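Thanks for coming. I will go through one model today, starting with overall numbers and then a few local details.

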Amino acid sequence: MLEKTFDPKSVEPRLYEAWERSGAFAPTTAPAAEPFTIVIPPPNVTGSLHIGHALNNTLQDVLIRFERMRGKAALWLPGTDHAGIATQMVVERQLAAAGNISRRDMGREAFVAKVWEWKAESGGMIVNQLRRLGASCDWSRERFTLDEGLSAAVRKVFVTLYKEGLIYRDKRLVNWDPFFQTAISDLEVEQKEVDGAYYHFAYPLEDGSGEIVVATTRPETMLGDTAVAVHPDDERYKGLVGKCVRLPIVGRPIPIIADDYADPEKGSGAVKITPAHDFNDFMVGKRHNLPAINVMDDFARINDEAPAAFRGLDRFAARKKVVETMEELGLLREIERTRHVVPHGDRSGVPVEPYLTDQWYVNAEVLARPAIKAVEEGETVFEPRHWEKTYFEWMRNIQPWCVSRQLWWGHRIPAWYGPDGAIFVAETVQQAADQARERYGRDEVLRQDEDVLDTWFSSGLWPFSTLGWPEKTADLERFYPTNTLITGFDIIFFWVARMMMMGLHFTGEVPFKRVFINALVRDAEGKKMSKSKGNVMDPLELVDDYGADALRFTLAAMSGQARDIKLSRQRIEGYRNFGTKLWNATRFCQMNGCARAASFDPAAVKTTLNKWIVGETARTAKAVTEALDGCGYDEATGTLYRFIWNVFCDWYVELAKPILNGEDAAAKAETQATAAWVLDVILKLLHPVMPFLTEELWAQTAGEGAPRDHAGFLMVAPWPELPQSLVDPAADAEIGLIIAAVSEGRSVRAELNVPPAARPPLLVIEADEAQRQTLLANAAVIGQTLRVSEVRVEAAAPEGAIPYVVEGATLALPVAEFIDLAAERARLTKEIAALTTDAERTAKKLSNPDFVARAPEEVVEENRERLAEAEAAKAKLEAALGRLTGL
């Protein structure tokens, strides 16, 4: 017999250990099984489980468990990313705290060894946290982006692209983090609003005939100016284009050029151009063949390209000195205080510097073409489909991809330099030496490139490198291309696009057939979670408090396409109660002898109630299957919730009680077997979402009839494929009438505050013969569920009775003697007035274009929901008031 309550804290670790030990997470080796593959978006080895991980991995696990039960060779391949800059930062901070040791003090080899040591001891904590969530990954195939196999794939790809002319060295602007002294990707840049100023400087014309005023938020970069730009159509400056100004402080002449980049409506209409320190200026410089003068070093200090008085100054100290000097020269025209957005390194927290430096680049434009075509032609489909637009916008405007990083932790770039600067790109040092010998005719000492590759370079190979590429492994043959990628919208370009480009280029096939973009998780008010706001919800804490299943069901239920998740503890608690409801219903069935019958045939049941529940079960199985097949997680969970709570627990169990307590032995035995069969189907359908609860119930109820594979686990039981011929329209109509009569009768009682102890009769006023017979035959169960004294036929509703119509039949409840009519009319009138006021106030807000335009989208949506709820509640109360009119 089941315990009174389900205890997640004791059950979850026991079940997970048993699952993993059994090997049930590995894909079946049955030759006929269709492969279904998901590769996990590899979390950083430094990471810990946050609520976004919980959502993303719950959705993956739901899908992989579903396909596993459908008999597919379901592989969910796990792993972690070495996370170059994040991991290096963790270890550097540890060294600094332990003894103020820097990596440069240690040297590269010793530092990298230290990082590997940290990874072995502390890295991968998130993997164990995923286990707590119930993630059924095949841990025997777990990979790490710096594994030797994956590293070999990285070297192969780099060398191949270099030979094809798609990887090259170039001097371009990058996002430079002066704290780490490395280039970083756009994804590692965080935009922050800060206090600043526009400094208006006068640049004297070289011929002494006047001046031109420019404005800048970064005065220190003027030391590297190489032009002033004005708009070609700006009449104020047409006579100046082609002339030069004398750059203050520095003293060199720089030209005045005409370029559309200058905005005549902004400031003076003239802008300083510093190609080495601004991305827009860099493009202007390219168009006009301007020199690019870098005036900073790797630490963002002023270098020797600037006048001696500024050399060695930090950029912000230099800013102050430039402004002071311009004021001394009489060339400072205005300081305009402002707030503006400045890019910062998300790890270091310091402002990022646009920095001109030699880096390795991938010709992403060439690689993007097939990746664009593959989505255009439907080889890979985005769900929701509108994310394809985001993908296309990024891919069609793609820039060269900077893949080198000035770090020590990562994949070292497989390039070596000879004594004359010649570059030898090879997969091994020996191959590079062979190339050098061929060039020089003798052995030469080669120096390997100090840089490592951008983390996105190796993770771009993830779907095929994890399966053994470039070797032609059995896993690669069977499980590639993968089926579904589940990820967030924020890395469509940084990761999804790179996997598409690399997968198509190196395998000739798309890496996945479907990309499901999951929502963002926000707090209960729809606000983004952040530590500073104090509204972060820790998924592990939620698992401790409510169990993994409740959190999983909540995330899946709220993950409707194109909307964010507003997560609250109340919602999670509600879904925990849903699990408790199923547990109690199962316990009730056990106590009433409902056990699996080996010979049970759902198509052969005879009682109307059992025919009805069998049909409802078949409908539910079909709906859940179709929803999960299309990643409709909210539809699947909504269907399961309604069926389990409302149909099975609230109605079937209640309607079955008279049969289970009755004298008809045949009907009782059939109902016991039917209830057990329905419970089996429920457990199977619910298992992908709530694996722990369902597995425990299965173990407690399966008995001898359970399959013995993997110790009889539910997780490998076959998915229910039920024919729709099990639906019986006549049974639906009969039970539907009973449910409608009770449901609407309950509404009447609730709306009019009829006391629970009151037992009025239920009167059948107008109904066809079949309806009368159904209602009279089920008088006992109607009496029990609706709390009425009897069910009887009457020609007309007597005075003091409230009539209501269900399924075309008119019924009535004589309730006047149980309520204070005047008090109820007053109460309903007052509540209707309050709802009317609330609805009018909300409607006024929504009709205000300024409110709709300025308010956050989630606030507007909340107001729409509030208006709809108020209007629905008002309509319900008005109907109740109308019912009282005739009394």
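**Overall numbers**

Of the 887 residues of the protein, 54% count as buried, where buried means under 20% relative accessible area, exposed means over 50%, and partly exposed is in between, with a 1.4 Å probe and protein chains only. This is a predicted model, so local features need pLDDT of at least 70 and side-chain atom pairs count only at pLDDT 80 or more, while totals for chains, interfaces and linings use all residues. Residues are numbered from 1 along each chain as its sequence is written, and side-chain values use heavy atoms, with hydrogens and water left out.

The protein has 29 helices and 29 strands; these are DSSP runs numbered from the N terminus, helices being H or I with at least four residues and strands E with at least two. The C-alpha trace spans about 110 × 65 × 55 Å along its principal axes. Contact here means heavy atoms within 4.5 Å. Among contacts with a separation of 6 or more, 78% come from residues 24 or more positions apart.

**A helix pair**

Next, two helices. How do α1 and α23 pack? Helix α1, residues 8–22, meets helix α23, residues 691–701, at an angle of about 80 degrees, and their axes are 10 Å apart. That makes α1 roughly perpendicular to α23, a label covering 65 to 115 degrees, with under 35 roughly parallel, over 145 roughly antiparallel and the rest oblique. Axes are lines fitted to C-alpha atoms, for helices over the stretch in contact, and angles run from 0 to 180 degrees between N-to-C directions. On the α1 side the contact involves Val11, Glu12, Arg14, Leu15, Tyr16 and Trp19, and on the α23 side Pro691, Phe692, Glu695 and Glu696.

**A sheet and a helix across it**

Now a sheet. Four strands form an open sheet in the order β27-β26-β29-β28, with mixed pairing; two strands pair if DSSP finds at least two bridges between them. The edge strands are β27 (791–793) and β28 (801–806), each pairing on one side only. From one strand to the next, the twist averages 30 degrees. Strand β26, residues 762–766, runs parallel to β27 and is joined to it by 3 bridges. Valine 764 stands opposite valine 793 in β27.

Helix α24, residues 729–751, lies across β28 and β29 (809–814) and runs at about 140 degrees to β28. Aspartate 732 is in helix α24. Is aspartate 732 buried or exposed? Aspartate 732 counts as buried, because its relative accessibility is 17%. Leaving aside neighbours within four places in sequence, aspartate 732 is in contact with Trp612, Glu616, Arg619 and Val727.
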